[in-house]
There are 2 protein chains.
Amino acid sequence: MVRKSASGRIGIADVAVKAGVSHATVSRVMNGNFTVDPDIAARVRAAAAELKYQPNPVGRSLALGKTDTIGIVVPDLANPTFQAILRGLSRAAAQDGYRVLIADSFEVSSEESILAGEARRRCDGLVLCAPRMSDAELEEIAPSLRPLVLINRTTAAAEVPSLVVDYGQGVQDIAEHLVELGHTRLAFLAGPPRSASNGMRLQGLETFKAAHPQVEVTMLEGGSDFDTGHEAVDAVLESGATGILAFNDLVAMGLMSGLHERGLDVPGDISVTGFDDIPFAKYTTPALTTAAVPITELGEQAWHQLRALIRNEESAAPGSSRYQPRLEVRASTGPAKAPRSKVHG
Amino acid sequence: MVRKSASGRIGIADVAVKAGVSHATVSRVMNGNFTVDPDIAARVRAAAAELKYQPNPVGRSLALGKTDTIGIVVPDLANPTFQAILRGLSRAAAQDGYRVLIADSFEVSSEESILAGEARRRCDGLVLCAPRMSDAELEEIAPSLRPLVLINRTTAAAEVPSLVVDYGQGVQDIAEHLVELGHTRLAFLAGPPRSASNGMRLQGLETFKAAHPQVEVTMLEGGSDFDTGHEAVDAVLESGATGILAFNDLVAMGLMSGLHERGLDVPGDISVTGFDDIPFAKYTTPALTTAAVPITELGEQAWHQLRALIRNEESAAPGSSRYQPRLEVRASTGPAKAPRSKVHG
DNA sequence: GGCACCGCGGAAAACGCTTTCTTAGGCCCT
DNA sequence: AGGGCCTAAGAAAGCGTTTTCCGCGGTGCC
């Protein structure tokens, strides 16, 4: 019978008994405290090995006041963007011995703040992706969530770094690209109405419109997934636009698929652009012109910011950083052809 | 000053003081124990609300011996298959109030078993996806990981359900499909050599070959990602095969991309098939013929099995289940054309 | 009217660990 | 040789909960 204490699992007490020392000494040995006599330390290590003792992390966390775990709140795990952030975050955190706990809000923004709070309490810090949460609510909960890193949101709360992608600039770059190809009638297939990043895109478009009064830009309602793009075909054709800026790559792919079904050629008839440069964007047919965002790196940076906060409660307040998307011209955009009529078919 | 105790965070003791009761009573109220006088309960609740008291989950976990968290070990978070499993698992677990902790082994199978152990100790149960781990090692660690659910692996250890996809049958279905289209020279673009699911596919192919001695099946070395497929173009062409079974959808997509660059037509010149039916498989050009696996559902089922194990230490030992892939015929497969020479160009 | 029981809530133990405090013993120094 | 110091390890106090165990006061019953 190896297991001894009532709990079934072997604990520090079992090792202590076996090694004939107090559990304090066992703890010291396990934590590499060198004030222990080498002979005794060896005895303890032998006992621990024989019993296959593994410290209980929960007890450890309680005593230490830290969990070596961070949380991430995402609105939708099915979205490649958040998958990539998670991946970068997880990899970077793992290198420092931290694990990540995921909290998927499934796009129900009303739950986001409770979810975030719960996740935070189990962790040493939090990365929050909450594109739909209202500014007011964010402002309200941010302080209680620290150490906290925000993705694509900002807050006035102190000590809360933000990692934001400059969607506004990205959209402008794409629009410029289309204009250079001769397009004069553009359409923006918008994202979810309350999305923060959608707002940034709209602002970018305003700037663009001011600089290019001769270009017509139609606003179309949309969403953030493949189906949204697929369903938007009619609206897109009706707009008469020859250059379409989709909210993101997924929407663009859906749109291209829909256009293809209608027998239209991309980019022959219509040029389509995405945003994000998800892994699959390279492999669509035609390959998708998009604004590349270093998403995985974003997750990695999120960890670095969070780590600074965790390690150094006071100083080293890290600044927020802004990521510039890089225009990735591929085959889905081409020269504008002669203006089409507003009627499709 | 709301915060009182040294730790900075407000705890049960603060609420107790404010409400003028013992912390035991506060605990009783917070846990819905009805043996507390309604007046006192109200007072406690008021105090808790005013202080915005939130129980510390770590202390709670220690006392209760459970964490309301499960872990999942995956070999590669970048792989859509594991993303889907994770998604299904997370969603299902969330509905029962459980969170999921992720452990990405980054394909280094030597670390997998330590990683799994560490994850397990922080959680109430574990879902293990470890396709490269040796049977011996799996057998060795499985008992200590319980409650445990295995994905695409089996073990002799008791009380360890397995959820396995019948890759062997899937591969046979695909091969049959190609044969029906008139292909007589097939090639299998294999997965990672030590992958368990690759082994299952190979077994399926053996069965197929026995049933169709007239069909030539070439084995090609490969891997599990897009680049693998892309780099395999030469080997594929050299094989002279007209029907290619790629290890999975990613590999198939890479292969199609490579073939396209060579100016070859799919399925005109060569038919290509994948496996898994990842979300993007529908949207490749041409759309990919594949064997659809209900991956998200797999994650969901993993939770249900795990939940049964967690809730009911003894009875209800759930059986292992086997998932049959469903052949999904799309545009990447077509009738075989006249046999080609072994030289490409 | 006394006794047994019951309901309620406080004290304290338990969960498994870390860390401070304490004490015992050995060494050095004068 | 004795006292102060320093070292090493045990005792115990936390960490923040839950839960068991008790005791107290009140009620019902005979």
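This is a predicted model: local features need pLDDT of at least 70, side-chain atom pairs count only at pLDDT 80 or more; totals for chains, interfaces and linings use all residues.
Figure 1. Helices H2 (23-30) and H4 (57-64) of chain A each supply at least two residues, as do helices H2 (23-30) and H4 (57-64) of chain B. In total, 29 residues surround DNA strand D. The closest are Thr25(A), Arg28(A), Asp37(A), Ile40(A) and Ser27(B). By class, the surface has 13 nonpolar, 12 polar and four charged residues.

**Figure 2. Backbone and base atoms of DNA strand D face the protein.** Sugar and phosphate make up 66% of the atoms of DNA strand D that come within 4 Å of the protein. One phosphate oxygen is 2.5 Å from an N or O atom in the side chain of Thr25(A). A polar backbone atom of Ala63(A) is 3.4 Å from a base oxygen. From chain B, a polar side-chain atom of Arg28(B) lies 3.4 Å from a base oxygen.

**Figure 3. Thr25(A) in its protein setting.** Thr25(A) belongs to helix H2 of chain A. Its relative accessibility is 14%, so Thr25(A) counts as buried; the cut-off is under 20%, with protein chains only in the calculation. Beyond its neighbours within four places in sequence, Thr25(A) is in contact with Val36(A) and Ile40(A). Ile40(A) is also among the residues closest to DNA strand D.

**Figure 4. Chains A and B are related by a turn of 180 degrees.** Chain B can be laid on chain A with an RMSD of 0.0 Å, and the shift along the axis is 0.0 Å. This is the relation of a two-fold axis. In chain B, the C-alpha nearest the axis belongs to Leu101(B), 2.2 Å from it. Of the interface residues of chain B, 100% are also interface residues in chain A, so the copies meet through the same surface.

**Figure 5. Strand E8 of chain A and its two parallel partners.** Strand E8 (residues 243-246) of chain A pairs with strand E6 (residues 185-189) of chain A in the parallel sense, over four bridges. Here Phe188(A) stands opposite Leu245(A). Strand E9 (residues 271-273) of chain A also runs parallel to E8(A), joined by three bridges. Val272(A) in E9(A) is the bridge partner of Ile244(A).

**Figure 6. Both faces of E8(A) are buried****.** In a regular strand, side chains alternate between the two faces of the sheet. Gly243(A) and Leu245(A) point one way from E8(A). Ile244(A) and Ala246(A) point the other way. All four of these residues are buried.

Notes. Residues are numbered from 1 along each chain as its sequence is written. Chains are lettered from A and ligands numbered from 1 in the order in which they are written. Side-chain values use heavy atoms; hydrogens and water are left out. Copies are superposed by least squares on the C-alpha atoms of residues with pLDDT of at least 70 in both. Contact means heavy atoms within 4.5 Å. A residue is near a molecule or strand if one of its heavy atoms lies within 4 Å of it. A polar contact is a pair of N or O atoms within 3.5 Å; within protein, one must be able to donate a hydrogen and the other to accept it, and residues adjacent in sequence count only if both atoms are side-chain atoms. Ala, Val, Leu, Ile, Met, Phe, Trp, Tyr, Cys and Pro count as nonpolar, Asp, Glu, Lys and Arg as charged, and the others, Gly among them, as polar. Buried means under 20% relative accessible area, exposed over 50%, partly exposed in between (1.4 Å probe, protein chains only). Two strands pair if DSSP finds at least two bridges between them.
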